[in-house]
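Here is a friendly walk through one structure, with an annotated site and a couple of backbone details to look at. Have the viewer open as you read.

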Amino acid sequence: MPTGANSKKKYTYVWVSAIILIFGIFAVYEITKRLKEGTVVENDRMNMGFQQKQVGFILNNGKKRKVPSFSFLNQDSIVVTDKDYLGKVYVVEFFFTTCPTICPVMTKNLVSLQNTFKNDKDFGVASFTINPRYDTPSVLKSYAKKYDIVDADWHLLTGDKDKIYSLAQEGFYIVANETEDAPGGFEHSGMFALVDKNGYIRSRQDEHGNPLIYYRGTVTEKQGVNVEGEPQQITILKEDIKKLLAE
């Protein structure tokens, strides 16, 4: 028969267990509720084990994938090459100014990055148009003004279409095609690539240690999750940019 002290101890354990169970049920309920409402932000997902915070290299046949050489005109009709980005952490996108679907959202996300790192001279953006026939430097200049693109290291680049498509498809493995059936006449990815100061493509790893490779550029931080249930990745992109800037 238990003594008074043992009995008290036993009841204490019961109450502690009950409290832990109640808090556990409440936590699961809150997470489920926020997932359904689309209010779980990327930091929540990382804490839930969906993401790890290491920014690794992308490997091809055991070699670190590097940005190929390129040379194009920017919105000021100045020649910009991959060498101009050495020493900078930068984000790469492929877009076109008349895009009726994802490009405006992508640009707004990049403007958010621009504003976050506006005081960091080692941050930049490279936006390659996939419709260079229309997107001349003057058109790109107007586009930059429309979206308040002011960072001196954000270059909107145009030039030979074949070279741009080769850079997208063979350099970054990002979709870029002229397709009549696609909205606006062009098919392209809504993903961003992240490049370090030495020109290597970098990426956060998932919970299995596999690189994400790209960051979703079509969902804003404010949205949190899009209608397909895909979470925004601008928050983790900002975090990873900070890490690479500190290297």
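## Loops and an annotated site

Tyr173 sits in the loop that links helix 5 (161-171) to strand 9 (176-178). Bear in mind that this is a predicted model. The phi angle of Tyr173 is positive, near 55 degrees, although the residue is not glycine. Ile213 also has a positive phi, near 75 degrees, and is likewise a residue other than glycine. Its place is the loop between strand 12 (201-206) and strand 13 (215-216).

Now to the annotated site. Which residues does the UniProt annotation "binding site" cover? The record, an unreviewed entry, lists Cys99, Cys103 and His188. They are spread over 90 residues of sequence, yet they cluster in space, with a largest C-alpha distance of 10.0 Å.

Cys103 belongs to helix 3 (residues 103-116), while His188 belongs to strand 10 (residues 186-188). Beyond its neighbours within four places in sequence, Cys103 contacts Phe95, Phe96, Tyr143 and His188. With residues up to four places away in sequence set aside, His188 touches several residues, including Cys99, Cys103, Met106 and Val175. Phe94 is also one of the residues touched by His188, and the His188 side chain reaches the backbone oxygen of Phe94 at 2.9 Å.

Here is how the residues compare in accessibility:

| Residue | Relative accessible area | Class |
|---|---|---|
| Cys103 | 1% | buried |
| His188 | 13% | buried |
| Ile213 | 24% | partly exposed |
| Tyr173 | 49% | partly exposed |

Why does His188 count as buried? Its relative accessible area is 13%, and the class follows because buried means under 20%.

Terms used
Residues are numbered from 1 along each chain as its sequence is written. This is a predicted model: local features need pLDDT of at least 70, side-chain atom pairs count only at pLDDT 80 or more; totals for chains, interfaces and linings use all residues. Side-chain values use heavy atoms; hydrogens and water are left out. UniProt positions are given in the numbering used here, feature names are shortened, and annotations may be inferred rather than shown by experiment. Helices (H or I, at least four residues) and strands (E, at least two) are DSSP runs, numbered from the N terminus. Buried means under 20% relative accessible area, exposed over 50%, partly exposed in between (1.4 Å probe, protein chains only). Contact means heavy atoms within 4.5 Å. A polar contact is a pair of N or O atoms within 3.5 Å; within protein, one must be able to donate a hydrogen and the other to accept it, and residues adjacent in sequence count only if both atoms are side-chain atoms.
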